[in-house]
There are 2 protein chains.
Amino acid sequence: MTVLEHRTYSVSEVATDSGVAPSAVRFYENHGVVTAVRTAGNQRRFDESAACRIQVAKLAQRVGLSVREIADLFTDLPVDPQREDWERVAGRLVTEVEQRVRHLKAQLAAMESGAKLCEIGRHDPAR
Amino acid sequence: MTVLEHRTYSVSEVATDSGVAPSAVRFYENHGVVTAVRTAGNQRRFDESAACRIQVAKLAQRVGLSVREIADLFTDLPVDPQREDWERVAGRLVTEVEQRVRHLKAQLAAMESGAKLCEIGRHDPAR
DNA sequence: CTGCAACTTCAACATTAGTTGAGGTCAACG
DNA sequence: CGTTGACCTCAACTAATGTTGAAGTTGCAG
């Protein structure tokens with residue numbers, strides 16, 4: 001039973017596949033969103049999941065996560081992640097975002113029902 | 001029937017009431033998140049809604065809106081906004097965010113069901 | 001092999017979202 | 001009416017998220 005070596009991808013391939021610039025791919029590697037191995041000549045080689053990570057990263061940024069938070073989210077994504085690994089990460093991402101949306105809604109609701117429309121937890125007496 | 005002049009607030013009052021630094025209050029005024037009138041001596045005076053706008057702005061940033069987008073969201077908030085004005089703005093904010101979350105979920109779902117776990121709309125032939 | 005497109009690093013630049021500090025003015029308490 | 005804390009503007013700085021360009025290296029097609 002051979003260990004089938006999946007093919008690798010260069011910076012520009014990952015860039016094309018994920019829809020970002022090559023410079024962004026390098027940036028994401030520097031910040032732990034994707035990881036790469038190096039060739040003998042020091043060039044980056046990514047696995048299949050790299051483009052996927054970057055696509056997810058762009059989606060996550062759009063709903064308020066920082067690059068740091070995204071890298072943290074991916075820390076327990078194994079090399080060659082399987083569907084269930086992606087499902088777990090996607091689930092955690094959605095949970096986090098839904099929590100932020102719940103917080104948003106709760107605060108908005110509190111403000112709308114506040115006496116002066118917007119005195120959430122303030123009420124400093126002397127004024 | 002007198003036009004009851006609601007009291008005004010200084011930069012540091014708005015800062016305290018909204019939980020940000022005075023420098024941020026000035027920044028938000030420069031970027032159209034809040035508006036101010038000026039005293040004879042050129043000092044900013046805000047209405048009650050200023051602290052509220054900033055609180056909403058911080059919530060909105062947390063779910064991915066830029067300062068520009070937030071200022072745009074507030075453009076049709078009248079002076080001395082009433083509950084229904086806030087409800088309209090809050091509704092638009094929530095709608096926008098929920099749209100982003102729907103997009104996130106849809107893309108994640110598409111990626112999870114994709115053949116190679118992550119080839120959403122790419123499939124370039126020659127490779 | 002050779003040549004050239006794509007790669008490397010590094011530093012500088014751009015933009016967004018603020019903060020800090022200098023130098024000067026205002027307002028309001030006593 | 002004077003003092004003093006809060007205000008004003010402006011410029012410079014920070015940090016995050018990238019992009020651009022210079023100078024040099026690699027890898028692959030022919």
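Q: What makes a run of residues a helix here, and where does L73(A) sit?
A: A helix is a DSSP run of H or I with at least four residues, numbered from the N terminus. In this predicted model, L73(A) has its place in helix α4 of chain A.

Q: Why is L73(A) called buried?
A: The cut-off for buried is under 20% relative accessible area. L73(A) has 7% relative accessibility, so L73(A) counts as buried.

Q: What does L73(A) touch, leaving out residues up to four places away in sequence?
A: The contacts of L73(A) are V89(A), R92(A) and L93(A). Contact requires heavy atoms within 4.5 Å.

Q: How do you know that the buried residues of α4(A) are on the same side?
A: The buried residues in α4 (residues 67–74) of chain A are V67(A), I70(A), A71(A), L73(A) and F74(A). They span an arc of only 155° around the axis, and therefore lie on the same side of α4(A). In general, an α-helix has 3.6 residues a turn, so residues three or four places apart point the same way.

Q: What do the buried residues of α4(A) pack against?
A: They pack against three elements of chain A: α2, α3 and α5 (83–113).

Q: What makes chains A and B copies related as by a two-fold rotation axis?
A: Chain A is superposed on chain B by a rotation of 180° with 0.0 Å of shift along its axis, at an RMSD of 0.0 Å. The two copies are therefore related as by a two-fold rotation axis. In chain A, G64(A) has the C-alpha nearest the axis, at 1.9 Å. Both copies use the same surface, since 100% of the contact residues of chain A recur in chain B.

Q: Which residues are closest to DNA strand D, and what makes a residue near?
A: A residue is near if one of its heavy atoms lies within 4 Å of the strand. DNA strand D is surrounded by 20 residues, the closest being S23(A), T39(A), Q61(A), R26(B) and R44(B).

Conventions
Residues are numbered from 1 along each chain as its sequence is written. Chains are lettered from A and ligands numbered from 1 in the order in which they are written. This is a predicted model: local features need pLDDT of at least 70, side-chain atom pairs count only at pLDDT 80 or more; totals for chains, interfaces and linings use all residues. Side-chain values use heavy atoms; hydrogens and water are left out. Buried means under 20% relative accessible area, exposed over 50%, partly exposed in between (1.4 Å probe, protein chains only). Helices (H or I, at least four residues) and strands (E, at least two) are DSSP runs, numbered from the N terminus. The arc is that of the directions from the helix axis to the C-beta atoms. Copies are superposed by least squares on the C-alpha atoms of residues with pLDDT of at least 70 in both.
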